[in-house]
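Dear colleague,

I am passing on the structure we spoke about, together with some notes on what turned up in it. Please have the model open while you read.

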Amino acid sequence: MKPKLVEPTSPSALIEADLDALFRDGKPIRREFGNGNRLHMDRPLPFLCVHVGSPQDAAFHIVSANASYLIAVDIDLAGEVARLVARRTRDHCGAFLLLDIGELAEDRFLTEDVPFLPPFEIALACGNTAAEKAALKRFATAASAREAKYRTPRVDELSPTTSAEARLWDDPGDAACLTVRFAPIYRVPGTRRVYPELHDLVVANMVDSSLQAVSAFLKASSLEQPATHRALGRRAYIDAVVRADRAIDNVASTFDFLLAVTPINAEPAWREFQAGAFERVPALLYRPLEFEVAAQKRKLYAVSLDHLEDPLLTRLLSEKQQELDLQLSMLAARETPRFVELGRALYGSVEPSLAARARTILERAPRVAPVARQKLDADAVAAAARDMIAGYRSAHPDFDASVEIRGDLPAGLLVTRNQLLVSRDTSLPPERLTALLSHEIGVHLLTYFNGDAQGLAIFRNGLAGYEGMQEGLAVLAEYLVGGMTAARLRLIAARVIACQAMLDAATFEEAFHLLRRDFGLDDHGAFNVVLRVYRGGGLAKDAIYLRGLLQILDHLRNGGSLTPFWIGKISAAHFGAIQELNARGLLRAPRLEPAFLSSDAARPRLKKAMAGIDPIDMVET
């Protein structure tokens, strides 16, 4: 008996079934047709970006960065699929716009005899309806408002000179259409080589202009506009993004940077320094690394970010790659002169204005002699920490955090991922307990927990450069619960001075004597500050506490909200990125907000901070 031949299913039949599932069940479409043809729709949207051409073109990456797109190498297939999607989706959404995006054959305005970089060409065309013309006008306005690395766009009417430049469809039927062609300014003239930075800038600008055009089209079609055009962007992570994020997290999980550069013999080192009349640098011991740095770097850069189809997420993950690379380089250079300079690249220098603020604090904040009283030991602090964690867990059962007392840490507390470490040498004044736990648990652990709920590990581990804002929030938390003492503020300022001295090549002993002589720190206090700053060979991190506090106070004074910072571990530089991801529906609201924010004691202090205060005004005790 001959086997029964099965007729291949046509693309139209497949797409019809996909669209039925999309409209009925909200099931995203990710349909591959072979030979590089693909339809992607992460939800029902009133537009489709289309590109017919090479996957090496920037236009390919512009189109595939959208939430609704069609990539094709076959123009006939593109027409068949696009018209079907347009018809079905217009019936579902009430209106529909095809965006035909491609590239001009050459960068016609760039010649060898121009004395400066000329404008670059963007050519547009559309149908005759008012909605299409509104889309074209908005695209032209948005694109013209941008620069692409020293060159300003000039928008003209499309007059194609080659078949590749022409519109994909002379007659798209009754589908509204906007055609976009732009000069390939991202290529090295006369070659196929690419300027990567310029390529990424062109892609980001064109994607944003396209979404603005869709928003204008919807308004002209008397349909509801999104609150922001960015809400029309991707609302789901494709598998490539999740895989890249997981692979980067696998590297990040192999080491804890701060633990690796923190001495394990702080108290013996203090006694040695004291015994040497504060003139000989004590020997500092560190944990041996449990991994090979070069091997982790190979894993880190084996993570491909080429096919994530989302310029914003690509940028965030690329920045994290670079930050982890710097941290790994620092661990390889631990206890060598290179460690300091690599740390300067990671944390920056101490800007003169920050140093001046620190000196002002040290001059104005009262020097309070320590009062002999009973202090809380590690066991008492750990017990209180477990109680606070239990409170958060009662509000959300998935608040997964633990407390461990360690004998290999300097006095104090340290958060690593979802664990709070308490040094066995901790000795804490009772009035500082709530402030310190609010700092470590209410900010560091809470943002790890909230970030873990966002779907990508980068939000719990921290976006690149997140630490400054994290520490600024954590210090603000100390103030909000009424625990900002003069001694604590002076300590934060002293760290800035010590960082500046270290980066200016002062020795361990010189920095120690500077803090004692010029700023009145006691022997043990000055040693602890210098130990933190000179660990690993010289770590510039400790300047971020005051810098971050000043940033968050400026943010509040300018009307900013604290809520976005509880989403995960983010930096001030990424505030715009977080707003975009939130508008696109990719981020969840924080599962928990810090308990201290809802306290009666915190409300008037937060109101005071929002009105504008100086750090010195935060001191109450």
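Glutamate 335 counts as exposed because its relative accessibility is 52%, where exposed means over 50% relative accessible area, buried under 20% and partly exposed in between, computed with a 1.4 Å probe on protein chains only. This is a predicted model, in which local features need pLDDT of at least 70 and side-chain atom pairs count only at pLDDT 80 or more, while totals for chains, interfaces and linings use all residues. Residues are numbered from 1 along each chain as its sequence is written, and side-chain values use heavy atoms, with hydrogens and water left out.

Glutamate 335 is not a glycine, yet its phi is positive, at about 65°, and the residue sits in the loop that links helix H10 (311–332) to helix H11 (337–347). Helices (H or I, at least four residues) and strands (E, at least two) are DSSP runs, numbered from the N terminus. Alanine 505 likewise has a positive phi, near 80°, in a residue other than glycine, and it belongs to the loop between helix H17 (486–503) and helix H18 (508–519). With a relative accessibility of 62%, alanine 505 therefore counts as exposed.

Just after H11 comes glycine 348, with a positive phi of about 85°.

The other region to look at is strand E4 (residues 68–72), which is mostly covered, with five of its five residues buried. In a regular strand the side chains alternate between the two faces of the sheet. In E4, Ser68, Leu70 and Ala72 point one way and Tyr69 and Ile71 the other way, and all are buried.

Strand E4 pairs with strand E2 (residues 37–41) in the antiparallel sense over four bridges, where pairing requires that DSSP finds at least two bridges between the strands; here histidine 40 has tyrosine 69 of E4 as its bridge partner. E3, helix H2 (residues 58–64) and E4 form a right-handed β-α-β unit, meaning that, with the strands pointing away from the viewer, the path from the first strand over the helix to the second runs clockwise.

With best wishes
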